[in-house]
Amino acid sequence: LLYLPEIRYRRILNYSFGPGGWALMPRGQANIINNEGELSQLVIREFALYVNGRFVAQSVGEHLHYSKGEANTGKALESAKSNALMRCCKDLGIASELWDPTFVYEFKKKYCVEVWCENSRNSKEKRKLWRLKRQGNDIIPYPWKPINTAN
């Protein structure tokens, strides 16, 4: 998946509507789903985006994290909020091309390479992940690690 950092969405909203001209409001409580087998938690929360006091979008944000504890849950809740903000911005047309399969395909073809990786927590799980051609394999996110496929 292509990704635009959450701070860029905030900067676009601040530039377009001014600081305080928009707000992301939680709707209901967060749901935290524990997966004891993987020692992970999935955090899910719904948010609504308001611009100049008017409702413009609503979305669910989610984040999967691999550690326990209140400090980590707080970070996961912030990540879920960021995820919801990105999804709400799609309704305003902000970075909407990132959701267009044709754009994504062409971007990957031109700028990216696939890297075979395995889950460092479960070496039986393997998958291909994308990275930019100009970056090295050290950019692959935890818990994934690149594997050598050369024979």
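**Notebook: strand pairing, salt bridges and aromatic contacts**

Entry 1. I looked up Trp116 and found that its bridge partner in strand 5 is Lys128. I note at the outset that the model is predicted. I then turned to the strands themselves: strand 4 and strand 5 run antiparallel and are joined by eight bridges.

Entry 2. I asked which residue forms a salt bridge with Lys128. The partner is Glu114, with the closest N and O atoms 3.7 Å apart. This pair links distant parts of the chain, since Glu114 lies in strand 4 (residues 112-119) and Lys128 in strand 5, 14 residues apart. I checked the accessibility of both ends. Glu114 has a relative accessible area of 41% and is therefore partly exposed; Lys128, at 40%, is likewise partly exposed. Salt bridges with shared partners also join Glu118, Lys126 and Lys145 into one network.

Entry 3. I counted the salt bridges in the structure and recorded six. One of the salt bridges brings together the side chains of Arg87 and Glu62, at 3.9 Å from N to O. Here too the pair links distant parts of the chain: Arg87 belongs to helix 2 (residues 70-90), Glu62 to strand 3 (residues 54-65), and they are 25 residues apart. Arg87 counts as partly exposed because its relative accessibility is 25%. Glu62 is also partly exposed, its relative accessible area being 38%.

Entry 4. I next examined a salt bridge within a helix. The side chains of Arg10 and Glu6 meet at 2.1 Å, N to O. Why are Arg10 and Glu6 separated by about one helical turn? They are four residues apart in helix 1 (residues 6-17), which means a separation of about one turn. Arg10, with a relative accessible area of 21%, is partly exposed.

Entry 5. I moved to the aromatic residues and recorded three aromatic pairs in the structure. In one of them, Tyr50 and Phe55 are arranged edge-to-face, with 5.8 Å from centre to centre and 75° between the planes. The angle of 75° is what I checked for this label, because planes over 60 degrees apart count as edge-to-face. Tyr50 is partly exposed at 26% relative accessibility. Phe55 is partly exposed as well, at 45%. Elsewhere, ring pairs link Phe103, Phe107 and Tyr111 into a cluster.

Entry 6. I looked for a charge over a ring and noted Lys90 with Trp99. The charged end of Lys90 sits over the ring of Trp99, 4.0 Å from the ring centre.

Entry 7. Where is Gln135 placed? It lies in the loop between strand 5 (122-132) and strand 6 (144-146). Gln135 has a relative accessibility of 27% and therefore counts as partly exposed. I also took the C-alpha to C-alpha distance from Gln135 to Cys112: the two are 9.2 Å apart in space and 23 residues apart in sequence.

Terms used
Residues are numbered from 1 along each chain as its sequence is written. This is a predicted model: local features need pLDDT of at least 70, side-chain atom pairs count only at pLDDT 80 or more; totals for chains, interfaces and linings use all residues. Side-chain values use heavy atoms; hydrogens and water are left out. Rings of Phe, Tyr and Trp (its six-membered ring) pair if their centres lie within 6.5 Å; planes under 30 degrees apart count as stacked, over 60 as edge-to-face and the rest as tilted. Buried means under 20% relative accessible area, exposed over 50%, partly exposed in between (1.4 Å probe, protein chains only). A charge sits over a ring if NZ of Lys or CZ of Arg is within 6 Å of the ring centre and within 35 degrees of the ring normal. Helices (H or I, at least four residues) and strands (E, at least two) are DSSP runs, numbered from the N terminus. A salt bridge is a side-chain nitrogen of Lys or Arg within 4 Å of a carboxyl oxygen of Asp or Glu. Two strands pair if DSSP finds at least two bridges between them.
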